[in-house]
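Below are my notes on the model you sent. They are set out as numbered points, beginning with a contact between chains.

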Amino acid sequence: MAVSPLVLPGAAEKGGPTAKSKLQSAAASSNGTPNAAQSSTEVNDVAEQMNEDEKAKYVKGKKLGEGTYANVYLGHISSSPSSLVAIKKIKVQQQYTEGMAPDAIRELKFLQELSHPNIISLISVFSSKDQNINLVLEFLPMGDLEMLIKDTSGVRYGMADIKAWMGMLSRAVWFCHENFVLHRDIKPNNLLIAADGEVKLADFGLARSFSDPYRLMTSTVITIWYRPPELLFGARQYSGAVDVWSVGLVFAELVIRVPYLQGINEVDQIAKLCMGVGTPTEENWPGVSKLPDYTVPAPPSPVMGIDHYLSMFGTVGQEGVDLLMKMLIMDPRRRITARQVLEHGWWSSDPRATKNEDLPKKGGGESKVAEDLGRRPGMVDDERAGKVARKLDFGGMR
Amino acid sequence: MTSSNIITEDDRYRTSTQFRLWSFTRDSLNAVRTTTNRLAADRVREAVRRAHEALSSADASDADLENPSRGVSAMPEREIDCLTVEEELRLVTFYCRQTLQLGDHLLFPTQVKTTAVQYIKRFYITNSLMTYDPATILRTALYFATKTENHYCKLTKFAEAIDKTRPEDVLASEFLLTQGLRFTFDVRHPFRALEGAVMEMNGIASGVIPYNTDVGERPQNMGRRVKTAHGKAREYLKTSALLTDVYFHYTPSQIMMATLLIADQELTHWYIASKIFLDDLAGHKILATLAECACMLQAIEPTVQAPPEERKAAGALSKKLKKCRNPEKIDLVALQRVKREGDGKVDEKIIKKRKLEREQSAKEGEDLFGPSLKNS
Amino acid sequence: MSPKSIALVDNPMDDMCPICKSTRYLNKGIKFLINPECYHRMCSTCVDRIFTAGPASCPVPLCGKTLRKRGFKPAFFADLGIEREVDIRKRVGQVFNRRQEEFETLLDYNDYLQDTEDLIFDLVNGMAKEKLQAEEKLKAYRAMNLQEIEDNKRAGLEEADYERRKETAEKEAARQRRLKLIREQEEGKMDVEKSRRDMLERLANTDEDPTAITRQAQKVILKKSSARRNLTDSSSDPNGGLPLDSSLSIRGLKKKVAPIAEEAYDPFGGINLTPTRYVLNDEYENEWLNGIKTDTRILAGGYSLPEYYARTMFEAFSGLGVFINDEVGPKAKPEVRIKKEVEIDDDVF
């Protein structure tokens with residue numbers, strides 16, 4: 001094999017008889033600028049035609065909002081004006097010199113494959129003439145779980161409602177894991193609410209499929225408040241347990257209505273974790289000290305017992321507290337798996353989970369849809385911006 | 001308790017884009033390729049005619065002779081001998097081999113190389129080699145696969161590692177590639193499937209995993225045979241499975257089982273029989289399908305390097321391709337720049353000017369413009 | 001023969017039986033009947049004569065339809081074309097009796113109505129072939145939707161019953177209003193009487209100015225009656241124009257949905273992904289993986305070999321029984337998302 005095996009016929013062809021430059025210059029001089037008209041006059045490729053066909057199925061309506069990563073439009077199916085969709089137009093990132101952005105690639109790759117009632121559905125994809133990619137997504141007009149959690153004066157809910165929301169979230173995560181996909185960014189504002197009350201997991205901009213043995217992954221994923229200790233300690237080989245930890249923290253937040261562990265940076269996040277859950281040590285987590293970035297504040301605090309959880313999260317009952325504690329087990333090998341979450345006794349204990357139609361709602365409206373879909377995966381909005389792992393560094397992403 | 005709906009392994013495969021968008025019968029695949037080829041050939045002839053018209057009009061005005069150019073001159077004045085569907089297919093195979101070798105050269109993992117090859121094969125179902133240069137597309141496909149398969153490699157480094165490649169060459173056709181892939185980036189490979197089957201067979205061989213004794217005792221020397229079969233099957237998966245059309249006509253599980261059949265028929269038969277009742281219609285059908293798939297796999301030798309005669313034929317076809325390239329699609333970098341400029345990056349004035357020119361040319365009822373190659 | 005529109009024209013033929021040729025002139029009490037099998041008109045005497053013994057062919061030349069006496073009825077419309085269409089509509093309406101509530105959107109309902117109209121048009125105006133097809137469709141639809149048709153019929157009856165009750169209630173309310181009015185008038189009269197008597201008494205027993213007394217009395221009477229009018233107006237207001245039982249007046253009362261026995265909550269949402277072709281083990285031998293099984297750092301990070309095993313085994317068998325040649329259409333572009341198949345519609349949650 002040659003040094004570079006790419007000895008391709010035709011690839012290296014340079015120069016040639018003068019006659020051809022004549023031909024070429026003729027074309028150029030008669031025009032002066034590159035011919036922009038061409039694309040509009042020529043026959044479409046088969047691929048282009050397929051794209052046009054797909055595009056024709058939808059009508060793009062008014063802009064609902066603008067984000068750094070995408071613009072979101074209201075749209076509907078051409079043949080049925082009452083069937084609304086959200087069209088997320090991914091901006092070509094001029095400053096991104098590496099081609100199509102990783103967020104867009106990941107989101108497309110996984111949403112194209114996953115079909116589940118609790119995962120936002122990607123209805124179609126097409127490109128517009130300026131080469132922007134448009135994702136046709138289901139229209140989820142009722143905001144997200146973060147809005148409900150934050151609106152402590154306007155929205156009241158109880159254990160049955162929490163159970164319903166947690167059930168939908170857990171199913172979504174279970175389904176991802178059954179399909180060998182790690183979401184890696186579970187948090188309340190990635191849980192969107194459909195008109196019928198169904199909760200849908202969205203934003204797959206950080207998702208990836210399970211890594212094969214010995215292949216490394218990046219540890220700088222998941223917004224830090226929801227990031228599990230193994231990632232805070234820099235583990236490069238991990239499992240679905242990372243998502244389960246996030247689910248546990250969403251659970252806790254649903255109960256107390258503020259994020260349970262709010263660190264201001266990674267070091268602080270570890271400190272908060274030690275206080276709120278316990279200090280990870282070789283005793284409660286064999287091997288933890290071997291993780292690359294393992295450092296914990298001294299002195300170690302003991303692992304929180306059931307009394308602590310009951311006093312803080314008792315509103316979800318004994319069973320609920322038990323499930324929460326299992327999701328927040330620090331050693332990822334002992335942490336409950338998504339499947340085991342769904343097999344837990346809490347679901348069958350009283351009270352029964354609220355039916356979707358009876359769940360508390362907060363009118364989100366169109367602007368919220370835009371915010372939800374357009375905000376991410378670029379940067380996160382407002383005061384949370386500094387605390388998230390949204391700067392994607394592909395270099396460290398093996 | 002509840003009416004739980006078992007979703008079988010097969011049903012779950014049916015939800016994949018590989019099944020929904022990228023599975024074809026032989027006839028339908030051939031039909032799409034034929035359409036693609038015919039459209040492309042028409043457009044080549046059309047473009048060359050335009051170019052020649054432009055040339056003859058330019059002769060009079062005597063334009064500057066120094067402007068370097070490629071492609072068009074190679075076109076004969078009259079009849080253009082375009083590639084046939086079969087010829088395009090043979091060339092695609094050749095360039096897929098090149099992709100594998102380039103991937104080896106860059107020390108990319110199997111997952112990246114194999115995905116890139118499938119991207120190329122998928123892309124050239126609805127695009128023709130005559131329109132888009134395979135040498136360019138293969139670099140883009142390989143680079144794009146590093147992104148989709150989590151083995152990211154900086155673009156500048158990637159371009160440096162390959163001869164005569166600039167970053168913009170790689171990026172210029174990225175959009176074309178993603179569109180040709182219909183924005184589906186997941187490729188289901190049979191490699192992990194092979195590991196699964198082998199692990200289970202090993203378990204059976206060592207007596208850890210119980211098996212269905214209705215199908216008779218397990219084969220003699222099973223452990224050793226599994227090991228040998230594993231190696232041979234893997235060779236087929238890394239070569240023949242990628243270069244033939246099996247990904248379009250069979251599922252990864254079937255492809256994997258077919259390579260095992262090639263490697264050790266008796267062993268594989270026994271293993272499948274211990275899993276699936278084979279004496280009914282569905283069972284027969286599975287066996288028949290695997291046999292067909294094995295047959296297709298064996299059409300291409302399991303080597304990365306092309307056999308000499310194949311390389312020779314590919315050389316001739318490449319020469320032929322050079323003479324029937326669409327001259328308007330050679331400089332993808334320039335084309336891309338033009339397209340992206342519609343993005344708001346370019347001055348309003350220029351857009352207006354272009355629009356005027358377009359209208360003007362429409363009025364004159366002919367397209368005088370040749371290829372959009374300025375200097376690059 | 002297609003009956004032509006003759007309704008508004010005074011046609012002497014209307015008074016003659018086309019079979020026995022008797023006319024109203026000869027037989028004052030003549031009654032004409034039709035049979036919806038063929039809509040040929042004939043007098044009741046002919047019907048009795050021809051069909052009493054049992055089914056027989058229609059006596060109209062070239063018709064030949066077998067008719068039964070039971071099927072004859074007087075035509076409601078003079079135009080037999082309309083009579084026929086109305087009968088067809090009734091017949092179709094009994095089968096295509098869906099209600100708007102059954103549709104998710106108005107568009108769907110309108111589409112359904114359009115389809116029904118198309119079918120009726122074929123039955124009314126279609127050529128023999130179209131008619132036959134339409135009949136087949138009707139039959140097939142009936143067979144397919146027997147239960148729902150029955151349900152809707154019942155619902156229709158209930159609705160009619162409800163309408164009837166509502167009408168009765170409204171009539172009753174009107175009657176009450178009328179009675180009240182009469183009572184008021186009576187009272188008014190009595191008031192006037194009383195005032196007049198008072199006035200007379202005052203006139204008789206005092207020496208005030210008689211005209212002043214009379215004027216005052218008049219005023220009192222007017223005031224009283226207007227006060228009463230206001231009183232009754234306001235008292236009738238809560239009930240207003242509404243019937244007495246206001247709960248009856250809610251339009252389109254939702255039919256009670258039979259309470260479905262609530263299934264136990266299924267945390268899996270009705271989806272079962274248990275493998276069918278293999279049993280997943282917790283542990284597999286694989287030399288290649290020994291490096292992981294012994295690496296504390298990998299294990300402490302939570303890397304899960306069972307996840308890897310699950311994936312390899314799933315991929316080994318997922319799609320083994322999928323036959324692309326049979327399942328992918330000749331167009332080879334399956335556009336439909338499989339989503340619907342995966343969604344479980346009976347998920348109670």
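How many residues does the contact take from chain A and how many from chain C?

1. This is a predicted model, and the points below should be read as such. The contact draws on 34 residues of chain A and 28 residues of chain C. On the side of chain A that touches chain C, the elements giving two or more residues are β3 and α6 (159-178) of chain A. Of the elements there, α6(A) gives the most, with 4 residues.

2. Chain A overall. Its secondary structure comes to 13 helices and 9 strands. Chain A has 398 residues, of which 53% count as buried. Among the contacts in chain A with a separation of 6 or more, 67% are between residues 24 or more positions apart.

3. The annotated binding site. In an unreviewed entry, UniProt places the feature "binding site" at a set of chain A residues including Leu64(A), Gly65(A), Glu66(A), Gly67(A), Lys88(A) and Lys89(A). Lys88(A) lies in strand β3 (residues 80-90) of chain A, and β3 is also one of the elements listed for the side of chain A that touches chain C. Is Lys88(A) buried or exposed? Lys88(A) counts as buried because it has 26 C-beta neighbours inside 10 Å, the cut-off for buried being 20 or more.

4. The annotated active site. UniProt, again in an unreviewed entry, lists Asp185(A) for "active site". Asp185(A) sits in the loop between β6 (181-182) and β7 (191-193) of chain A. With 26 other C-beta atoms within 10 Å, Asp185(A) is buried. Leaving aside residues up to four places away in sequence, Asp185(A) touches Asn190(A), Asp203(A), Leu206(A), Val221(A), Ile222(A) and Thr223(A).

5. Gln340(A) has 14 C-beta neighbours inside 10 Å and so counts as partly exposed. C-alpha to C-alpha, Arg339(A) is 8.7 Å from His177(A), at a sequence distance of 162 residues. For Gln340(A) and Leu323(A), 17 residues apart along the chain, the C-alpha atoms are separated by 9.7 Å.

6. Helix α2 of chain C. This helix (residues 80-95) has 16 residues and reaches 23 Å from its first C-alpha to its last, close to the 22 Å expected at 1.5 Å a residue. Which residues in α2(C) are buried? They are Leu80(C), Glu83(C), Arg84(C) and Val95(C). Down the axis of α2(C), the buried residues fall within an arc of 115°, so they line one face of the helix. The exposed residues Lys90(C) and Gly93(C) are carried on the face of α2(C) turned away from its buried side.

7. A helix pair in chain B. The axes of α14 (residues 252-263) and α16 (residues 281-297) of chain B come within 8 Å and cross at roughly 75°. The two helices, α14(B) and α16(B), are therefore roughly perpendicular to each other. On the α14(B) side the residues that meet α16(B) include Ile255(B), Met257(B), Leu261(B) and Ile262(B). The α16(B) side of this contact consists of Thr289(B), Leu290(B), Cys293(B), Ala294(B) and Leu297(B).

Technical notes: Residues numbered from 1 in each chain as written. Chains lettered and ligands numbered in written order. Predicted model: local features only at pLDDT ≥ 70, side-chain atom pairs only at ≥ 80, totals over all residues. UniProt positions renumbered as here; feature names shortened; annotations may be inferred. Buried ≥ 20, exposed ≤ 12 C-beta atoms within 10 Å, placed from the backbone. Expected span 1.5 Å × (residues − 1). Arc of directions from axis to C-beta. Axes fitted to C-alpha atoms, helices over the stretch in contact; angles between N-to-C directions. Parallel < 35°, antiparallel > 145°, perpendicular 65-115°, else oblique. Contact = placed C-beta atoms within 7 Å.
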